[in-house]
Amino acid sequence: MMNNTVSTILAKLQTLHTQEIETDYMAIYLFSEEEIEEAQVGYSLDEEGNSLVGQGPGSWQESWLVIGVEEDTDDPIFVDVKVEGYPVFTAMHGEDTWEPVCIFESLDHLLQEFQA
């Protein structure tokens, strides 16, 4: 699971020095390096490690990496590792399809917003 892209993303997240951030409309818990692999279960992987990734619209995409969770709704917070800058998305959990909503134009934008 750990590759250079995931390592880069985790290193950037660690610069926040906190795992909990709040926007005007959501409270986000960001996963630690130790939690990131388990965090993919239910999204890109099932509990046995089988892929849940699909090809069509509304399917979980291979390039999506869950980095956190919205604390009130349990909706995933994820980045698209194939898009430059790693835009940050959320999507409603428990629906039949995944409809990503961009909440930060890039991971760096999220970091800039919450750096102390």
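A salt bridge is taken here as a side-chain nitrogen of Lys or Arg within 4 Å of a carboxyl oxygen of Asp or Glu. In this predicted model, the count under that rule comes to 1 salt bridge. The pair consists of K12 and D108, whose closest N and O atoms are 2.8 Å apart. Because K12 belongs to helix α1 and D108 to helix α3, the contact ties together parts that lie 96 residues apart in sequence. Both partners are partly exposed: K12 has a relative accessible area of 24%, and D108 has one of 35%.

The largest nonpolar core comprises 34 residues, among which I9, I67, V79, V88, L107 and L110 touch the most other members. At least two residues of this core come from each of α1 (4–14), β2 (27–30), α2 (36–39), β3 (64–70), β4 (76–80), β5 (88–90), β6 (101–104) and α3 (107–114). The greatest contribution is that of β3, which supplies 5 residues. In soluble globular proteins, nonpolar side chains tend to be buried together.

E22, which is part of strand β1 (residues 20–22), is exposed, with a relative accessible area of 61%. Although 14 residues separate I36 and E22 along the chain, their C-alpha atoms are 20 Å apart.

Note on methods: Residues numbered from 1 in each chain as written. Predicted model: local features only at pLDDT ≥ 70, side-chain atom pairs only at ≥ 80, totals over all residues. Heavy atoms only, no water. Helix = DSSP H or I, 4+ residues; strand = E, 2+ residues; numbered from the N terminus. Buried < 20%, exposed > 50% of the residue type's maximum accessible area, 1.4 Å probe, protein only. Core = buried A, V, L, I, M, F, W, Y, C linked by side-chain atoms within 4.5 Å.
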